[in-house]
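This report describes selected features of a predicted model.

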Amino acid sequence: MGWEEMQVRGYPEFVQTAQRYHGRPIFALFCGDKDAEGRSWCPDCVTAEPVVRKELHNLPDESIFIYCLVGDRAYWKDPNNEFRRNLKLTGVPTLLKYGTPQKLVEEECFKAELVRMLFTED
Amino acid sequence: EAAAETSQPVVSVREEHIGGHEETLKTHKEDNPEKPMEMNGLTPVPDSYDYDLIVIGGGSGGLAAAKEAAKYEKKVMVLDFVTPTPQGNSWGLGGTCVNVGCIPKKLMHQAALLGQALEDSRKFGWQFTEEVKHNWMTMTESVQNYIGSLNWGYRVALRDKKVTYENAYGEFVGPHTIKATNKKGVEKLYTAERFLIATGERPRYLGIPGDKEYCISSDDLFSLPYCPGKTLVVGASYVALECAGFLAGLGLDVTVMVRSILLRGFDQDMANKIGEYMKEHGVNFIREFVPIKIEQVEEGAPGRLKVTAKSTTGNQIIEEEYNTVLLAIGRDPCTRKIGLDKVGVNINEKTGKIPVNDEEQTNVPYIYAVGDILQDKLELTPVAIQAGRLLVRRLYAGATTKCDYVNVPTTVFTPLEYGACGYSEETAVEKFGEENIEVYHNHFWPLEWTVPSRDNNKCYAKIICNIQDNERVIGFHVLGPNAGEVTQGFAAAIKCGMTKEQLDSTVGIHPVCAEV
């Protein structure tokens, strides 16, 4: 069946989507919001996104890929935002396999090898 | 010939066609592969290897060495495979320490200490009316989650440094050649210029009826999916006492069955104090008995087990029921089934340990070993890491420093922690003679224990000095809270050759335990 992408914005939407697909492998990429021209305030996210997208074809069948915009810079800098508090995110971009301790943070997301490993290995 | 083969891989060595998959393995398994090649006047060693270094075992020693070698741009492979326990349990990359040793042990020890702290807190004014209870599943899930992040972290680190990692069982099949079998049974052959054996150890079983079917070991305890309940711990090693200690601290009914002495190899004066403390704090001890039979009374998670034990000093037999029996009677090196005979590496037949020279080299020049499997060396994670790193620096970076196995500090995380560095009192007496050593000692009462009225005569410190060498401190022992933190600094001082006079002239920090 291949894999499907869902695009969400903000924590409640993320949780709702993740719960809807409970039982299927869920991968998520968290990035800073994009402006009207489509550029994110987070320069590392700008670098990471194309690298991650290039590896998406390696996702296992039935996977869900959630592309999640976390919010604006001010929201992200707040140490108590829901992503930091509930998902224990420490930085953007973060690419993770939902429900496991497997994740790649910031510069780790620039490396195609590591992204591929996250998508394809147990 | 090669094209006519029907199975993969098609292997030729130096243009001598050996055959497809079956023939190649057969050649390696049965014949000495050197024979057919020698007959043709060829040497049996491939001249271009797949890897510079293959590390067998992805634990503390193996991973440290692999990462260090990658720094020097060497082509490195790590093979790590966990043979499931008799209970079917397995774990990820990182070895014993990370998965079923130091890390989960210390976290569970901390869980038990926090329970004690909650009790103490009432005397310091904290008020809570609810009874404080412990949830095994909550603790275990958190611990396992943390371990999972460590397993993942190691895989990222290896991949990032371009170290090839395979979750496969490695064994030697011929000179410079190893066979790696993954959990699906797929076999691959690899060659390397050098090998590092870092396969570690696994818990020993008793060899009595019911042991493998019904007992668990430390390999199972830290991920047990149910609370162990009333537990019998068999053994008197630090593993046995640490586990018994935290299980009792979490509120469980714990009994320790000891064949003879506690903590063999450790200072016995300190070992006895540890035992006394545990006894006074709710751990039952059955001394001078060994189990002879384990039977299942009732299945379950946990079930009920009946243990029959015999005295070591007479004919007395005792029987008792427990929910869980935890075996901690020793660990055996994983060296018997990795094909060492195929490459001529000597092992101690009785213990399975590998003797090495002071450069961690086995009797086969291109094969090295580090970690718990070494004969006559301390079985500690930092020792394995240090030995692995220094070995690689000597091999690839022209370094000459050898691993220093002397004055290595250790800590036993029993309910009353014990830190030590250097000689035990018995070993010092044996080596230097009783008249040539001086022992200074003191009981102390941690300030934090005064208000909650905890024991005032249990914490203890002693140092052993060599009179003939300026009263140099050759042994340091402390029994008390945070013993590990206390001991670390003193270990550095001992390494620098601190004397009693220098120790005396060091002003204490007040109020801390270490000032004693």
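## A hairpin in chain B

Lys293(B) has Thr308(B) as its bridge partner in β15(B). The two strands involved are β14 (residues 289-298) and β15 (residues 304-311) of chain B, which pair in the antiparallel sense over eight bridges. Five residues lie between the strands of this hairpin, and Gly300(B) takes a positive phi there, near 155°.

The loop between β14 and β15 of chain B also contains Pro302(B). The peptide bond that joins Ala301(B) to Pro302(B) is cis, with omega about 0°.

## The five-stranded sheet

Chain B has an open sheet of five strands in the order β10-β17-β11-β12-β13, and the pairing is parallel. At the edges are β10 (216-217) and β13 (283-287) of chain B, each of which pairs on one side only. Helix α9 (residues 238-249) of chain B packs on this sheet and touches β11, β12 (254-258), β13 and β17 of chain B. The direction of α9 makes about 165° with that of β12(B).

Within the sheet, strand β11 (residues 231-234) of chain B pairs with strand β17 (residues 324-327) of chain B in the parallel sense, over four bridges.

## Where the chains meet

How many residues of chain B are in contact with chain A? Eight residues of chain B contact 12 residues of chain A. About 1,000 Å² is buried between the two chains, and carbon and sulfur atoms give 56% of that area. Of the area that chain B buries against chain A, 64% is supplied by Trp152(B), Arg155(B) and Arg159(B), more than by any other three residues.

Between chain B and chain A there are four salt bridges. In one salt bridge, Asp160(B) pairs with Lys111(A), and the closest N and O atoms are 2.8 Å apart. Five residue pairs are in polar contact between the chains. On the side of chain B that touches chain A, two residues are nonpolar, three are polar and three are charged.

## Salt bridges over all chains

Side chains of opposite charge can pair when their charged atoms come close. The count over all chains comes to 39 salt bridges. Among them is the pair of Lys462(B) and Asp269(B), with the closest N and O atoms 2.8 Å apart.

## Backbone exceptions in chain A

Most residues other than glycine have a negative phi, and most peptide bonds are trans. Which peptide bond of chain A is cis, with omega near 0°? The bond runs from Val92(A) to Pro93(A). Pro93(A) sits in the loop between α4 (82-87) and β4 (94-97) of chain A.

Glu106(A) is a residue other than glycine with a positive phi, near 55°. The loop that holds Glu106(A) runs between β5 (103-105) and α5 (112-120) of chain A.

Conventions. Residues are numbered from 1 along each chain as its sequence is written. Chains are lettered from A and ligands numbered from 1 in the order in which they are written. This is a predicted model: local features need pLDDT of at least 70, side-chain atom pairs count only at pLDDT 80 or more; totals for chains, interfaces and linings use all residues. Side-chain values use heavy atoms; hydrogens and water are left out. Two strands pair if DSSP finds at least two bridges between them. Contact means heavy atoms within 4.5 Å. Axes are lines fitted to C-alpha atoms, for helices over the stretch in contact, and angles run from 0 to 180 degrees between N-to-C directions. Buried area is the accessible area (1.4 Å probe) that two parts lose on being put together, summed over both. A salt bridge is a side-chain nitrogen of Lys or Arg within 4 Å of a carboxyl oxygen of Asp or Glu. A polar contact is a pair of N or O atoms within 3.5 Å; within protein, one must be able to donate a hydrogen and the other to accept it, and residues adjacent in sequence count only if both atoms are side-chain atoms. Ala, Val, Leu, Ile, Met, Phe, Trp, Tyr, Cys and Pro count as nonpolar, Asp, Glu, Lys and Arg as charged, and the others, Gly among them, as polar.
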